[in-house]
Amino acid sequence: MALAISLSRWVFFPPHHLSILDSQTTPRTSLSTSKPLRHFPSVASHQAQIVLDRPAIAVAEAVSEAELWAAACLRVRSFYDFDPTTYAVEDHKRYLAEREFEALKERIAGKRIGFTRVSCINATLPLSQILSSSDDLCSTCKFSENGDDRVVVGTLDLNQCLRLADEITGKRPEGIGADFARAYLSNVCVAKEVHRKGVGYALVAKSKKVAQEWGITDLYAHVAVDNEPAKNLYMKSGFVYESDEPAWQARFLERSRRLLLWVDLTYEQ
C-alpha cells in the first residue's frame, strides 16, 4: 500500500467539472474492493477535443468483461493524476485498474453486501471516430464486441441500495422496501477529450431509465458543495437539494463537503 501511495498523487479538483458530473468519494476511498471509487471528474485538459458525431454515441449497460475493463481504465485515467516520470507508473495504473475491475465485477454479480443491484452504464464511441484524436484514450479504454471496436468515453455506476459507504444517506422512500426503491449514482466520469459534449447528461438520462425499469422511485447523487458545473448538470436533469454533509465529516474524510441531491422518478417520463 505504501508503494501505491508513493506512485500517484491525489488531485483536489476545482469547482466540479465542466461537463462532468460527479459525486462521492475521498482520497482514502480510491480503488479499494470495499468501497465505490472516488467520484471526481478529471481536470479540464488543454488537449484538442474530439469533434463528436452525436448519433455515433451509444449509452447502455455494460454486458461484457471487456467493456467493464475499459470502464475501469477510464476511471483510473480520470480520477488520478500521475507523474509520467515516476518509476513503474504504468504498472501502478494497471494495478489500480485491476482493483476497480474486480470490485466492479463483484458488485454487479451481487456479491457485495448492502447492494441489491449494481449496473455499470457506459457511453461509447466507435474507435474509428477518435483514432486520430487521442491515441492514449484509444489504447487505454478500447474494447471489442462482435467485431466492433469501441472506446468507453463516459461511465457511471447505478447502485440499488439504502446507502453508500462514507456518504450522506438519502431519506426517501421510508419504511419497508426502501432498499429496493432507492438508488445512488457513483463513479461518474467523462473522458477529458469529450468534455462539454453532453456525454454526462446522456449518462444520467440513461441511468434514470434503467432505475425506473428496476422499480426505483428515488434516485440520489452526491456532489461537492463548490462544484457549480456538476450541480447545474444534475439540476437540469431534475435533481433537487435534500441535505448536506456535516463539516466535521468532510474534514475527517479529507475532502470537500458534499451535497445530497435527489430526484423523484415517479414523475419522470
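Over the ring of which residue does the charged end of Arg172 sit? I looked this up first. It is Trp262, and the charged end lies 3.9 Å from the ring centre.

**Model and confidence**

I note that this is a predicted model. The average pLDDT for the chain is 82, and 79% of the residues reach at least 70. I checked residues 1-47 separately. There pLDDT stays under 50, and the model has 175 contacts beyond four places in sequence for this stretch.

**Whole chain**

I counted nine helices and eight strands. The chain has 269 residues, and 53% of them are buried.

**Strand β5**

I went to β5, residues 182-190. Is this strand enclosed or open? Nine of its nine residues are buried, so β5 is largely enclosed by the rest of the structure.

Next I looked up its strand partners. β4 (residues 148-161) runs antiparallel to β5, and six bridges join the two. β6 (residues 218-224) pairs with β5 in the parallel sense, over three bridges. Here I noted Tyr184, whose bridge partner in β6 is Tyr220.

**Gly215**

I stopped at Gly215, in the loop between α7 and β6. Its relative accessibility is 40%; that falls between 20% and 50%, so Gly215 counts as partly exposed. Which residues does Gly215 touch, apart from neighbours within four places in sequence? I found contacts with Phe180 and Ala181. I also checked Arg182. Arg182 is 33 residues from Gly215 in sequence, yet their C-alpha atoms are 8.9 Å apart.

**Aromatic pairs**

I searched the whole structure and found four aromatic pairs. One of them is Tyr234 with Phe239, with 5.2 Å between the ring centres. The planes are 65° apart, and the pair is edge-to-face. I looked up burial for both partners. Tyr234 has a relative accessible area of 0% and is buried. Phe239 is at 2%; that is under 20%, so Phe239 is buried too.

I kept one general point in mind: most residues other than glycine have a negative phi, and most peptide bonds are trans.

I returned to Arg172. The peptide bond from Arg172 to Pro173 is cis, with omega about -15°. Pro173 is in the loop between β4 and α6 (178-181). Asp166 also has its place in the loop between β4 and α6. Phi of Asp166 is positive, near 65°, and the residue is not a glycine. Asp166 counts as partly exposed, at 26% relative accessibility.

I then looked up Asn146. Where does Asn146 lie? I found it in the loop between β3 (142-145) and β4. Asn146 is not a glycine, but its phi is positive, about 55°. Is Asn146 buried or exposed? Its relative accessible area is 79%; that is over 50%, so Asn146 is exposed.

Technical notes:
Residues are numbered from 1 along each chain as its sequence is written. This is a predicted model: local features need pLDDT of at least 70, side-chain atom pairs count only at pLDDT 80 or more; totals for chains, interfaces and linings use all residues. Side-chain values use heavy atoms; hydrogens and water are left out. Buried means under 20% relative accessible area, exposed over 50%, partly exposed in between (1.4 Å probe, protein chains only). Helices (H or I, at least four residues) and strands (E, at least two) are DSSP runs, numbered from the N terminus. Two strands pair if DSSP finds at least two bridges between them. Rings of Phe, Tyr and Trp (its six-membered ring) pair if their centres lie within 6.5 Å; planes under 30 degrees apart count as stacked, over 60 as edge-to-face and the rest as tilted. A charge sits over a ring if NZ of Lys or CZ of Arg is within 6 Å of the ring centre and within 35 degrees of the ring normal. pLDDT is the predictor's confidence in each residue, from 0 to 100. Contact means heavy atoms within 4.5 Å.
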